Amino acid sequence: MSQTDQTKMNEEEQTLNDQENEGLENMADENLSDEEEQNVEEQILMDKKDIDELKKNADESQQKLLRTQADFDNFRRRTRMEKEEALKYASKGLIEQLLPVIDNFERAISSSAETKDFDSLMKGIEMVFDQMKQTFDSEDLKPIQSVGQPFNPEYHQAIMQVESEEHEEGIVVEEVQKGYILKDKVLRPAMVKVSS
């Protein structure tokens with residue numbers, strides 16, 4: 001086959017391919033009927049509505065999130081303020097119980113100043129002391145029992161070691177200052193002398 005024949009055949013083949021492609025495009029245009037076009041348009045509208053609905057839901061969710069965050073911030077602030085107030089006035093109940101003790105001390109001092117009666121003053125002070133002990137008992141404040149007990153650094157603070165024939169080594173022989181336990185916590189250790 002000559003080159004000219006080959007070129008002619010290629011041109012004819014190209015023409016056939018072009019015609020075939022043109023025919024397919026026409027068929028595609030003809031295949032989409034009016035009804036199908038309407039269905040495609042309806043689908044596009046439905047997709048747009050779905051997108052709008054999703055945007056609306058996203059906006060609502062964003063607003064709910066912002067409201068919830070604001071509510072949580074308010075709750076946290078309110079809780080912090082309540083905690084601060086509770087700490088600020090934590091001793092209010094104890095102070096209210098001690099006010100009558102102060103009143104009775106003032107009465108005892110004022111009465112003894114007028115009468116100069118030592119026995120009455122002593123009796124008044126003992127009554128006020130008993131009242132104060134009752135107040136502390138109601139708050140579960142207990143003295144630490146020390147004398148005769150083995151030295152315990154959790155409850156005792158040794159200020160001196162003394163020779164003792166009566167006690168074994170490491171036993172508290174004298175209490176210099178009482179220690180106290182509030183509920184289950186050492187409020188103040190007892191200052192003691194320990195046998196060596």
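Guide: We will go from the overall layout to helices, salt bridges, a surface patch and a loop.

Guide: First, some ground rules. This is a predicted model, in which local features need pLDDT of at least 70 and side-chain atom pairs count only at pLDDT 80 or more, while totals for chains, interfaces and linings use all residues. Residues are numbered from 1 along each chain as its sequence is written, and side-chain values use heavy atoms, with hydrogens and water left out.

Visitor: Thanks! How many helices and strands does the protein chain have?

Guide: Helices (H or I, at least four residues) and strands (E, at least two) are taken as DSSP runs, numbered from the N terminus. Here the protein chain has four helices and six strands. Reading from the N terminus, the order is α-α-α-α-β-β-β-β-β-β.

Visitor: What share of the residues counts as buried?

Guide: Buried means under 20% relative accessible area, exposed means over 50%, and partly exposed is in between (1.4 Å probe, protein chains only). In this chain of 196 residues, 11% count as buried. As for the accessible surface, such areas come from the Shrake-Rupley method with a 1.4 Å probe, and for residues only the protein chains shown count as cover. The total for the protein chain is about 16,500 Å², and 52% of that belongs to carbon and sulfur atoms.

Visitor: On to charged pairs. How many salt bridges are there?

Guide: A salt bridge is a side-chain nitrogen of Lys or Arg within 4 Å of a carboxyl oxygen of Asp or Glu. That rule gives five salt bridges. One of them joins Glu 84 and Arg 80, with the closest N and O atoms 3.6 Å apart. These two are four residues apart in helix α2 (residues 34-88), which means that about one helical turn separates them. Glu 84 is partly exposed at 46% relative accessibility, and Arg 80 is partly exposed at 45%.

Visitor: How far apart in helix α3 are Glu 96 and Lys 92?

Guide: Glu 96 and Lys 92 are four residues apart in helix α3 (residues 92-115), or about one helical turn. Their side chains meet in a salt bridge at 3.2 Å, N to O. Glu 96 has a relative accessible area of 44% and Lys 92 has 47%.

Visitor: Which residue forms a salt bridge with Lys 142?

Guide: That is Asp 140, with 3.9 Å between the closest N and O atoms. Lys 142 is partly exposed at 38%, as is Asp 140 at 31%.

Visitor: Which residues form a nonpolar patch on the surface?

Guide: Patches are made of residues with over 30% relative accessible area and no salt bridge; like charges are joined within 9 Å, and nonpolar side chains (Val, Leu, Ile, Met, Phe, Trp, Tyr) within 5 Å. Here Ile 95, Leu 99 and Ile 102 form such a nonpolar patch, with about 260 Å² of accessible area together. Leu 99 belongs to helix α3 and is partly exposed at 43%.

Visitor: Finally, where does Gly 170 lie?

Guide: Gly 170 sits in the loop between β2 (156-162) and β3 (172-177), and is partly exposed at 25% relative accessibility. Beyond its neighbours within four places in sequence, Gly 170 is in contact with Gln 149, Pro 150, Phe 151, Val 194 and Ser 195.

How values were computed:
Contact means heavy atoms within 4.5 Å.
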